[in-house]
Amino acid sequence: MNAVVTESLEPLIAGLRSRGFTVVGPTTRDGAVRFAEISCAAQLPAGRGDEQQPGRYRLTERHDALVFGFAASPDSAKRYTQPPRQSLFRMREGTVEEAEAEAPRIALLGVRACDLAAIAVQDRVFLGGRHPDPAYRKRREAMLLIAVNCAVPGGTCFCVSMGTGPKATAGFDLALTELSDPHRFLIETGSGRGAEIVTTISHRPATGDDISAAEEISRVAATRMGRQVDTDGIQERLAGAHDSPRWAEVASRCLACTNCTMVCPTCFCTTVEDSSDFTGGVAERTEVWDSCFTLDFSEVGGSSVRGSGSARYRQWLTHKFSTWFDQFGMSGCVGCGRCITWCPTGIDVTEELGCIL
């Protein structure tokens, strides 16, 4: 392991800002840990934790000063790789104006291993097919990813089952492990850009004790998952469960509110909205996030292909854990647990899989 240790994240944040990056990291807002632009380490949620269970999220006070002592927040990198709303083009007095894709230089601080895996899924979706998305590519190339090895899994996490965490192993520029007694951060480099940034901040070489402490944190975190899923043969088993009575049972509890797809770091469905100004001289087409749980998402010829809640839930779950493999050669779930935490009726995808399979 090529690693160094720094006592504070202040020089890293300052160094990134001096290089023209907008630093986005975890903060506390609206009663949750949320990603937002930060200018100094004091804005990070030191001493804050969270409690996550099906349909429940609460911020808590920790008895230490850990900066990353919480599990996955409702925000993921998807908000920055695939913005919730983006202009496609405008038409002004009969002339089409193509919208320039925005690709700010963002340094995303605090990305968990499950979210790195989700970015890899998005890369396959948007860049791996016959028609790569140039706007997505532009945003990805402008983004710097600073991972954090998870030390405190939440009650709904199951990244170990999905093979995506809790330790970041690839896809990052820098990876941090927060250590205690004394408080410090072990930094691993994952790219040339990351290695260059490390040279500009104060640090010392990591000792054997530092490395052992970091490895122990990841080992212990892996034993503390709040949920688990048996993924052995799940693609075939789920494909064969089309007529399970459980689909109707879970649909009776599902509100089709789309919360699960909005917080999911891999769901990529969108629709388009057309609007015009009051004078009628300018019209705009905008791409916005959509969800397979909405009735009109699969509308064809004036009616929905999936007219029932059970059909829509079956489509979502089967796509995530089965047909995503057929489409993209990988799972569509990374085990972050957000869909469980943020479901208002507390539907637990791991429980549903256990009942269906």
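Biologist: Which residue in E14 is the bridge partner of Ser87?

Modeller: The bridge partner of Ser87 in E14 is Thr286. Please note that this is a predicted model, in which local features need pLDDT of at least 70, side-chain atom pairs count only at pLDDT 80 or more, and totals for chains, interfaces and linings use all residues. Residues are numbered from 1 along each chain as its sequence is written, and side-chain values use heavy atoms, with hydrogens and water left out.

Biologist: How is strand pairing read, and what sheet contains E6 and E14?

Modeller: Strands of a sheet pair through backbone hydrogen bonds, either parallel or antiparallel. Strands (E, at least two residues) and helices (H or I, at least four) are DSSP runs, numbered from the N terminus, and two strands pair if DSSP finds at least two bridges between them. Here, E6 and E14 (residues 282-289) pair in the antiparallel sense over 7 bridges. They belong to an open sheet of 4 strands in the order E7-E6-E14-E13, with antiparallel pairing. E7 (95-98) and E13 (270-276) stand at the edges with a single partner strand each, so one side of each has no neighbour in the sheet.

Biologist: How many residues lie between E4 and E5 in their hairpin?

Modeller: The hairpin has 2 residues between E4 and E5, and Gly55 in the turn has a positive phi of about 70°. Strands E4 (residues 48-53) and E5 (residues 56-61) run antiparallel and are joined by 6 bridges. Gln52 stands opposite Tyr57 in E5.

Biologist: What is the angle at which the axes of H11 and H13 cross?

Modeller: Two packed helices are described by the angle between their axes and the distance between the axes. Axes are lines fitted to C-alpha atoms, for helices over the stretch in contact, and angles run from 0 to 180 degrees between N-to-C directions. The axes of H11 (residues 309-328) and H13 (residues 349-356) cross at roughly 90° and come within 12 Å. H11 and H13 are therefore roughly perpendicular to each other (65 to 115 degrees; under 35 counts as roughly parallel, over 145 as roughly antiparallel, and the rest as oblique).

Biologist: Which residues of H11 and H13 meet?

Modeller: Tyr313, Trp316, Leu317 and Phe321 in H11 meet Val349, Glu352, Leu353 and Ile356 in H13, where contact means heavy atoms within 4.5 Å. The residues of this contact divide into 7 nonpolar, no polar and 1 charged. Ala, Val, Leu, Ile, Met, Phe, Trp, Tyr, Cys and Pro count as nonpolar, Asp, Glu, Lys and Arg as charged, and the others, Gly among them, as polar.
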